[in-house]
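This report covers the secondary structure, the sheets and the helix packing of one protein model. The sequence and the structure come first.

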Amino acid sequence: MLRKTALALTVLSATSLANADVLTSIKPLGFIASAITDGVTQTQVLLPASASPHDYALKPSDVSKINQADLVIWVGEDMEAFLEKSLEGKLPKEKVLTLQEVPALEELVEAAEEAHDHDDDHKHGHKHAHKHEHKHEHKHDHKHEHKHAHSHDHDHDHHGHSHDEDWHIWLSPQAAGIIAEQIADRLGQQLPDQKAKIADNLAQFKTALAAKNEEISQQLASVKNKGYYTFHDAYGHFESAYGLKSLGSFTINPTVAPGAKTLDKIKRDISKNQAACLFAEPQFTPKVIESLSKNTKVGVGQLDPLGEKVELGKNAYPEFLQGLANDFRACLAK
């Protein structure tokens with residue numbers, strides 16, 4: 001009886017290892033992971049695509065998913081502060097891939113920040129002022145005030161990450177290649193029998209990514225000089241990859257129409273800089289968009305930085321990049 005129980009447990013253990021789940025914090029990381037796990041194991045995503053990684057609150061079912069996963073992939077506390085307590089010190093290090101701690105990604109983000117600092121002074125000052133104002137309001141309005149305040153202090157005190165660093169790295173084709181390598185390396189360690197398949201998946205992903213990158217570069221070449229504003233300072237990596245002309249961002253609460261002063265300032269900036277487009281995101285209410293575009297000639301587009309409409313799968317990440325490229329071009333080419 002004991003031998004049968006031991007044998008059953010061994011079989012169960014082997015089965016659970018073979019079906020080990022990779023859990024990513026957000027959907028775009030799931031797009032990259034699912035290309036590497038194709039035919040190897042399953043990829044799951046923690047956050048609903050409609051939720052923001054900046055202020056999500058974990059549910060008990062989320063904690064259960066985290067604890068059962070064989071590999072959890074997240075950017076880090078600068079992006080998903082809500083995950084910090086559930087990951088750091090709770091799970092074995094080999095089960096957590098923190099992208100903020102990958103040297104190649106740190107270098108990429110730092111280089112992007114230096115390039116951003118050399119942009120013209122108006123653009124930089126404009127972004128900073130709106131961003132600062134929003135975050136201040138957001139902390140007071142939101143239920144997670146303490147968590148955000150703690151995260152802000154923690155980042156500066158312990159990790160040395162600049163508050164202005166842009167960790168929306170899933171919008172960088174270059175970063176996506178590095179992330180894919182990291183996932184492949186971790187999976188290869190966990191599932192040594194599948195190393196050949198994982199390596200093949202990585203090679204296919206890189207080939208598909210290079211082809212898509214070239215295709216998008218050509219697609220967006222004719223709209224490079226069309227200036228635009230976004231509602232979220234998140235697209236820097238995508239913009240620099242394809243040479244797009246961002247005029248700045250208006251970081252406002254997506255569900256509340258901006259006040260008269262903010263509205264007036266935004267409209268003046270749109271007019272002064274002859275912006276071709278104003279890009280919103282799926283969570284912004286029609287009222288916000290309407291109030292900003294009213295009585296201006298600016299075109300209104302929508303960007304989806306989390307790939308809400310894209311399904312997980314082998315080709316999901318190139319499809320996600322293509323969707324963003326299509327959305328940028330649809331408005332800017334008018």
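Strand β5 (residues 227-230) pairs with β6 in the parallel sense over four bridges. Two strands count as paired if DSSP finds at least two bridges between them. Within this pair, T230 has S249 of β6 as its bridge partner. The model is predicted: local features need pLDDT of at least 70, side-chain atom pairs count only at pLDDT 80 or more, and totals for chains, interfaces and linings use all residues. Residues are numbered from 1 along each chain as its sequence is written, and side-chain values use heavy atoms, with hydrogens and water left out.

Both strands belong to an open sheet of four strands with parallel pairing, in the order β6-β5-β7-β8. β6 (245-249) and β8 (299-302) are at the edges with a single partner strand each, so one side of each has no neighbour in the sheet. From one strand to the next the twist averages 30 degrees. Helix α13 (residues 316-332) packs on this sheet and touches β5, β7 (277-280) and β8. The direction of α13 makes about 145 degrees with that of β7. Such angles run from 0 to 180 degrees between N-to-C directions, and axes are lines fitted to C-alpha atoms, for helices over the stretch in contact.

## Sheet with β1 to β4

Another open sheet of four strands has the order β2-β1-β3-β4 and parallel pairing. Its edge strands, β2 (42-45) and β4 (96-98), each pair on one side only. Neighbouring strands here are turned by 20 degrees against each other on average, direction ignored.

Strands β1 (residues 21-24) and β3 (residues 71-74) run parallel and are joined by three bridges. V22 has L71 in β3 as its bridge partner, while L23 stands opposite V72 in β3. β3 also pairs with β4 in the parallel sense, over three bridges, and I73 has L97 of β4 as its bridge partner. In a regular strand the side chains alternate between the two faces of the sheet. Both faces of β3 are covered: L71 and I73 on one side, and V72 and W74 on the other, are all buried. Buried means under 20% relative accessible area, exposed means over 50%, and partly exposed lies in between (1.4 Å probe, protein chains only).

## Helix packing

Helix α8 (residues 173-190) lies across β1, β3 and β4 and runs at about 165 degrees to β4. The packing angle of α8 with α9 is about 175 degrees, and their axes are 10 Å apart. The two helices α8 and α9 are therefore roughly antiparallel; angles under 35 degrees count as roughly parallel, over 145 as roughly antiparallel, 65 to 115 as roughly perpendicular and the rest as oblique. On the α8 side the contact (heavy atoms within 4.5 Å) is made by P173, A176, G177, A180, E181, A184, L187 and G188. K195, I198, L202, F205, K206, L209 and N213 form the α9 side. By class, the contact of α8 with α9 has nine nonpolar, three polar and three charged residues. Ala, Val, Leu, Ile, Met, Phe, Trp, Tyr, Cys and Pro count as nonpolar, Asp, Glu, Lys and Arg as charged, and the others, Gly among them, as polar.

Helix α2 (residues 27-37) packs against α9 (residues 195-220) at an angle of about 130 degrees, with the axes 7 Å apart. That angle makes α2 oblique to α9. I32, A35, I36 and T37 of α2 meet I198, N201, L202 and F205 of α9. The contact of α2 with α9 has six nonpolar, two polar and no charged residues.

## The loop at S52

S52 is in the loop between β2 and α3 (60-68). With a relative accessible area of 23%, S52 is partly exposed.

## Totals

The protein has 13 helices and eight strands. Helices (H or I, at least four residues) and strands (E, at least two) are DSSP runs, numbered from the N terminus. Of the 334 residues in the protein, 48% are buried. Among contacts between residues at least 6 apart in sequence, 69% join residues at least 24 apart.

The protein exposes about 16,800 Å², and carbon and sulfur atoms supply 52% of this area. Accessible areas come from the Shrake-Rupley method with a 1.4 Å probe; for residues, only the protein chains shown count as cover.
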